[in-house]
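I opened the model to look up its pocket, its salt bridges and a few backbone details. The entries below follow the order in which I checked them.

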Amino acid sequence: MTSRAWIAAALVCASCLGLTSCVANDSTTEIRLFLAQKPGPEDALPSALKAASDGLDAASSRLVGTTRDVSYFVSKYMDPQRGTPGFCLMVAKLPDGPSNSFCGSADGMWTSGSGTGGARVIESNDEVPEGWTRLSDFLIVNPDAKP
């Protein structure tokens, strides 16, 4: 192989690596990857959240994390009227405190409630606003946020 061919091949490889390693996953992809993980006992939804919405796939739920006795879950969701897939974001103050949820598209998904604060789905490279905490690549939380 000539030196020009080697240089061209190296440039193509470098370009491909740059494109794959620098692109952040969108929130939908991040949640899908998160839900694909093997479930553990901590992922089971509290009873208060199992009836969060028609179309909720409770068996797919995963615990994203817990902050100040507030637990944050995501699960798969199928809109019963439109038949479109999405996700549910569910928040509960444990063990038996208030809870709230929102189901739909991951883009711009958020929920807040009295006693649970707020949770928002964001992109992995988005800045975290003051007062909020990044709980995962796709979720920020603020237990003090008001509805």
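**Pocket**

I listed the lining of the largest pocket first: T28, R32, L35, A36, K76, Y77, P85, G86, F87, G104, S105 and A106. The elements that give two or more residues to this lining are α2 (27–35), β2 (70–78) and β3 (85–93). For the search, a 1 Å grid was laid over the protein atoms alone; a pocket is an open set of points where a 1.4 Å probe fits, with protein on both sides within 12 Å along at least five of seven lines, and a lining residue has an atom within 4 Å of a point. I read off a volume of about 150 Å³ for the largest pocket; a volume is the space filled by probe spheres set on the points, which are joined across faces, edges and corners.

I then sorted the lining by residue class and got six nonpolar, four polar and two charged residues. Here Ala, Val, Leu, Ile, Met, Phe, Trp, Tyr, Cys and Pro count as nonpolar, Asp, Glu, Lys and Arg as charged, and the others, Gly among them, as polar.

**Basis of the entries**

I note that this is a predicted model, in which local features need pLDDT of at least 70 and side-chain atom pairs count only at pLDDT 80 or more, while totals for chains, interfaces and linings use all residues. Residues are numbered from 1 along each chain as its sequence is written, and side-chain values use heavy atoms, with hydrogens and water left out.

**Chain**

I counted three helices and eight strands in the protein chain. Their order from the N terminus is α-α-α-β-β-β-β-β-β-β-β. Helices (H or I, at least four residues) and strands (E, at least two) are DSSP runs, numbered from the N terminus.

Of the 147 residues in the chain, 37% are buried. Buried means under 20% relative accessible area, exposed over 50%, and partly exposed in between (1.4 Å probe, protein chains only). The accessible surface of the chain is about 8,800 Å², and carbon and sulfur atoms hold 55% of that surface; areas come from the Shrake-Rupley method with a 1.4 Å probe. I also looked at contacts (heavy atoms within 4.5 Å): among those between residues at least 6 apart in sequence, 39% join residues at least 24 apart.

**Salt bridges**

How many salt bridges does the rule give? I found two, with a side-chain nitrogen of Lys or Arg within 4 Å of a carboxyl oxygen of Asp or Glu as the rule.

One joins the side chains of R68 and D144 at 2.5 Å, N to O. R68 sits in the loop between β1 (56–67) and β2, and D144 in the segment after β8 (139–142), so the pair ties together parts that are 76 residues apart in sequence. R68 is exposed at 52% relative accessibility, whereas D144 is partly exposed at 47%.

I found D79 and R82 in a salt bridge at 3.3 Å, N to O. D79 is buried, at 11% relative accessible area, and R82 is exposed, at 67%.

**Backbone and loops**

Most residues other than glycine have a negative phi. I logged a positive phi for R68, near 50°, and another for D69, near 65°. D69 is also in the loop between β1 and β2 and is exposed, with a relative accessible area of 51%.

Last, I checked G108, in the loop between β4 (99–104) and β5 (110–113). G108 is exposed at 57% relative accessibility. Its C-alpha is 6.9 Å from that of I122, which is 14 residues away in sequence.
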